[in-house]
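Morning, everyone. Please have the sequence and the model open while I talk.

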Amino acid sequence: MKCLLVADIHYDLRKFDWVVEMAPLVDLVVLAGDHLEIASMVARPDQAVIAQKYFRRIREKAPLLLCSGNHDLDVKDGNGELTARWLGNARFLDIPTDGDSHQIGDTLFTLCPWWDGEGVKAAIAAQIARDAERRPARWVWVHHAPPDGSPTSWGGHRSYGDVTVRGWIEAYQPDIVLSGHVHQSPFVANGSWADRLGRTWIFNAGHQVGPIPSHVVVDTEGPQAYWLSLTAAESAMLDAPLARPLPPLREPPEWLASMARQGARRLA
Ligand SMILES: [Fe+2]
């Protein structure tokens, strides 16, 4: 399975367009939160309408999984905690999202909402505990914030990660956690797009300017993960211990090179 991870689109429609273009070239697209942008001139309810149209266009070409980020929260729940209620409409488009657990082949995806308080946090803990009971060959979490104390959450001066999710990862050791949130992590000293906590791989593609989002492609058959950005392209072997620095990607497989070519053609 070739899984494209993008997060932190922040209502940059050029980046949504790129994902639409790439979707037919992979087996699965994961958008790991911050689809919308709080500081935009466009009101967020209007952004949400456009984002849903993009979700539909992506879903027409590939399976799509979503989770919310801190920029996506629109409504307080019964406990007064902010949630991304609008994102739930994606289910009508056959797109699993916050709070859903979705199995594709031998891989179970646990899609975690952004938690704003103890109620949602407890719901995520319960969801993870439930999914642990039926854990298949591969277990993947989608959670906007990467774990605290990881290069994937390093902001250059301190970690911006989630202490709670780190505890969950240490306790359950999922195979992979797909995240975003800390835009600069892959681009700063001591930061990275990839990390390993015990047996768990953690990925954060980061955020870059321009029409092409920095992105990670996980190829579970490889098994290998690739990070492509304006500044560098790197890879990691998933069945080997993590060794830093991660090697630059000098000879991408043909399918990955083809993705890059198609993406670049759009801009020509
Ligand atoms: Fe973000």
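First, the ground rules. This is a predicted model, where local features need pLDDT of at least 70, side-chain atom pairs count only at pLDDT 80 or more, and totals for chains, interfaces and linings use all residues. Residues are numbered from 1 along each chain as its sequence is written, and side-chain values use heavy atoms, with hydrogens and water left out.

Start with the metal. Which residues coordinate the iron ion? They are Asp-8 (OD), His-10 (NE2), Asp-34 (OD) and His-183 (NE2), at 2.0 to 2.3 Å. A donor here is an N, O or S atom within 2.8 Å of the metal (3.2 Å for Na, K and Ca); water is not among the atoms, so sites may look incomplete. Along the chain, the donor spacing reads D-x1-H-x23-D-x148-H. Asp-34 sits in the loop between β2 (28–32) and α2 (44–59), and His-183 in the loop between β9 (176–179) and β10 (194–197), so this pair ties together parts that are 149 residues apart in sequence. Helices (H or I, at least four residues) and strands (E, at least two) are DSSP runs, numbered from the N terminus.

What about the geometry? The four donor atoms subtend angles of 87 to 171° around the iron ion, which makes the arrangement irregular. For the cut-offs: four donors are tetrahedral if all angles lie between 85 and 135 degrees; four are square planar and six octahedral if opposite donors are over 155 degrees apart and all others between 65 and 115; anything else is irregular.

Now accessibility. Asp-34 is buried, at 1% relative accessibility. His-183 is partly exposed, at 23%. Buried means under 20% relative accessible area, exposed over 50%, and partly exposed in between (1.4 Å probe, protein chains only).

Next, the aromatics. The structure holds 11 aromatic pairs. Rings of Phe, Tyr and Trp (its six-membered ring) pair if their centres lie within 6.5 Å; planes under 30 degrees apart are stacked, over 60 edge-to-face, the rest tilted. Take Phe-16 and Tyr-54: their ring centres are 4.9 Å apart and their planes at 15°, so they are stacked. Phe-16 is in helix α1 (residues 13–22) and Tyr-54 in helix α2, 38 residues apart. Both are buried. Trp-193 and Phe-203 have centres 5.7 Å apart and planes at 15°, so that pair is stacked too. Trp-193 is in the loop between β9 and β10, and Phe-203 in strand β11 (residues 200–204). Trp-193 is buried at 1% relative accessibility, and Phe-203 is buried at 0%.

Last, the backbone. Most residues other than glycine have a negative phi, and most peptide bonds are trans. Which peptide bonds are cis here? One joins Gly-222 and Pro-223, with omega about -20°. Pro-223 is in the loop between β12 (215–219) and β13 (224–228). Another joins Arg-244 and Pro-245, with omega about -5°. Pro-245 is in the loop between β14 and α5.

Then positive phi. Asp-94 has phi near 65°. Asp-94 is in the loop between β5 (82–83) and β6 (101–104) and is partly exposed, at 49%. Gln-173 has phi near 50°, in the loop between α4 (163–172) and β9.
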